[in-house]
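Take a walk through this structure, one stop at a time. Keep the sequence and the 3D view side by side.

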Amino acid sequence: MLVFHVDANSAYLSWTAAALLEDGYDVDLRTIPSAIAGDPNNRHGIILTKSIPAKKYGIMTGESLMEARKKCPGLIVHPPDYDLYLDCSEAMYSILYEYTPQIQRYSVDENFCDMSRCPEAVRDPVGVANEIKERIKHELGFTVNIGIGNNKLCAKMAGELKKPDMIHTLWPEEIEDKLWPLPVRELFMVGRATEKKLKKFGINTIGDLAKAQPEFLKGFLHSHGILVHQYANGIDNTEVTVNDEVMQKGLGNGLTYAYDLQTAEEIAKELLALCERVGARLRRKKCAAGLVTVHLRSSDLRGYSHQLKLPGHIGTTDEIFETAKALASEMWRGEPIRAMSVSVSEFCREDEVQLSMFDKTGREKNERLDHTVDNIRKIFGERSIFRGTFANLDISPIQGGVNDGNYLMMGGFKT
Amino acid sequence: MKIVAKPIKTLAVFQYDDGTPMPYKFKIKGGGSDPEEETTVTVGNILRCDRTRIAGKESIVYHCQSFIGDMEKRYELKYIIPECRWVLYKM
């Protein structure tokens with residue numbers, strides 16, 4: 001197999017920078033300390049991505065805008081523009097599609113391309129990668145890193161080696177020189193917790209991990225130990241799966257509120273607004289769910305969740321809301337709530353739902369109603385019709401979601 | 001030439017074969033001393049037009065040449081397809 005991993009460098013920032021330059025903005029955000037962050041007035045002031053000059057000030061992704069401004073007072077901040085990012089991602093995909101149809105869209109800015117059936121690429125992988133990289137730079141105005149390997153893991157690790165605007169290979173014979181000296185944390189699937197455990201046993205580099213006995217790793221990391229041991233040796237047998245073939249296992253919707261929710265009534269209303277979108281997404285996938293989970297986070301940022309396995313499958317907003325409400329009231333301890341999420345999983349196809357003797361009456365009517373409402377919203381906009389309970393309230397009738405949920409980052413893709 | 005990206009009011013003709021819009025005349029604000037005053041420019045010569053996709057936005061860039069006042073000048077106009085919008089792109 002020949003796999004390319006194509007990753008946009010500081011995607012959000014360089015996409016915003018490219019768009020601003022086209023609009024006559026006089027500086028390139030990529031060359032000054034700058035960041036993309038949510039609106040600070042709306043409590044979403046978190047650094048989503050930063051430029052390389054901003055990195056030198058110690059600004060990290062995920063920290064608050066206030067902290068970042070303390071480190072670098074002159075930081076230029078721009079809000080995210082998800083429509084633009086979707087366009088950029090699509091444009092990048094369309095260039096890659098000219099070379100191979102076997103593309104796995106791993107996230108909004110990352111793609112795995114199976115180039116095995118592209119004779120040109122097999123003959124000269126670096127040459128073709130270079131052509132793709134330069135085409136993206138000139139035609140789309142941003143830079144990418146391309147990692148080349150015999151499998152997805154090697155391609156991804158190669159892509160991470162040195163940024164930006166570079167091409168790296170990681171062939172089996174290069175693993176020892178290029179991969180093994182890196183700290184173990186750099187390896188795909190080794191997170192903070194795994195790193196801590198490995199370090200306790202003196203495993204500091206990827207090479208240490210590769211040379212460790214798999215049985216020994218299994219002792220304290222279980223099956224994950226075997227996986228990371230294989231990865232450290234550059235072994236990965238997974239195929240490049242085209243996204244249409246990916247089976248989504250669950251979906252959800254959550255929101256951190258700008259104020260604390262104090263009463264059961266308030267919680268129920270906000271929960272309904274979240275369920276509206278969960279229901280719509282579920283129906284768009286033509287699925288019904290067998291498990292509902294509600295997660296609450298109180299104002300002191302402690303979170304807890306409850307889930308319920310249903311005897312059958314549900315698909316209407318009303319049913320999801322009823323279940324979510326019951327779960328929330330069961331676990332809520334009366335403290336102010338800062339964030340909530342509702343998710344559903346254990347899908348089956350909408351047209352394969354087993355009817356039951358104990359179904360509530362009016363279920364079919366509700367299903368028809370939901371489908372009609374979904375269609376009205378699709379044609380006339382999602383605020384065109386909403387429940388009477390939200391009339392004359394400050395609460396938005398449909399909440400959460402980025403870009404109507406039709407966004408790669410959220411597990412969806414443009415259809 | 002420098003990117004200016006100033007919005008313009010444009011009159012365009014569409015090609016016979018593929019329907020590509022070609023700028024014919026445009027109006028731009030702030031040419032003289034009054035910032036609200038509009039200057040009209042007739043597009044004299046379109047030297048080349050290219051389709052671009054910078055930052056994922058499909059656009060057509062026209063390399064033009066016209067008499068503005070009594071000077072012949074080179075400039076670029078851009079039609080941003082998804083937004084159906086014309087700008088004086090570079091001057």
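This is a predicted model: local features need pLDDT of at least 70, side-chain atom pairs count only at pLDDT 80 or more; totals for chains, interfaces and linings use all residues.

Begin where the two chains meet. On one side, 19 residues of chain A are in contact with chain B. On the other, ten residues of chain B take part. How much area do chain A and chain B bury between them? The value is about 1100 Å². Carbon and sulfur atoms account for 49% of it.

Now look at the charged pairs. Two salt bridges are counted between chain A and chain B. One of them joins the side chains of A:Glu139 and B:Arg53, with N to O at 3.3 Å. Polar contacts also cross the interface of chain A and chain B: the rule finds six residue pairs, both residues at pLDDT 80 or more.

Which elements of chain A give two or more residues to the side that touches chain B? They are α1 (11-22), α4 (82-97) and α6 (125-140). The largest share comes from α4(A), with six residues. By residue class, the side of chain A that touches chain B holds nine nonpolar, four polar and six charged residues.

Take A:Cys275, which is in no disulfide. Its nearest cysteine sulfur belongs to A:Cys287 and lies 17 Å away. Is A:Cys275 buried or exposed? A:Cys275 counts as buried, because its relative accessibility is 0%.

The last stop is A:Asn150. Find it in the loop between β7 (144-149) and α7 (152-159) of chain A. A:Asn150 counts as partly exposed, because its relative accessibility is 32%, between the cut-offs of 20% and 50%. What does A:Asn150 touch, leaving out residues up to four places away in sequence? The partners are A:Met1, A:Val3, A:Leu170, A:Trp171 and A:Pro172. For a sense of scale, turn to A:Gly38. A:Asn150 and A:Gly38 are 112 residues apart in sequence. In space they are 39 Å apart, C-alpha to C-alpha.

Conventions. Residues are numbered from 1 along each chain as its sequence is written. Chains are lettered from A and ligands numbered from 1 in the order in which they are written. Side-chain values use heavy atoms; hydrogens and water are left out. Contact means heavy atoms within 4.5 Å. Buried area is the accessible area (1.4 Å probe) that two parts lose on being put together, summed over both. A salt bridge is a side-chain nitrogen of Lys or Arg within 4 Å of a carboxyl oxygen of Asp or Glu. A polar contact is a pair of N or O atoms within 3.5 Å; within protein, one must be able to donate a hydrogen and the other to accept it, and residues adjacent in sequence count only if both atoms are side-chain atoms. Helices (H or I, at least four residues) and strands (E, at least two) are DSSP runs, numbered from the N terminus. Ala, Val, Leu, Ile, Met, Phe, Trp, Tyr, Cys and Pro count as nonpolar, Asp, Glu, Lys and Arg as charged, and the others, Gly among them, as polar. A disulfide is a pair of cysteine sulfur atoms within 2.5 Å. Buried means under 20% relative accessible area, exposed over 50%, partly exposed in between (1.4 Å probe, protein chains only).
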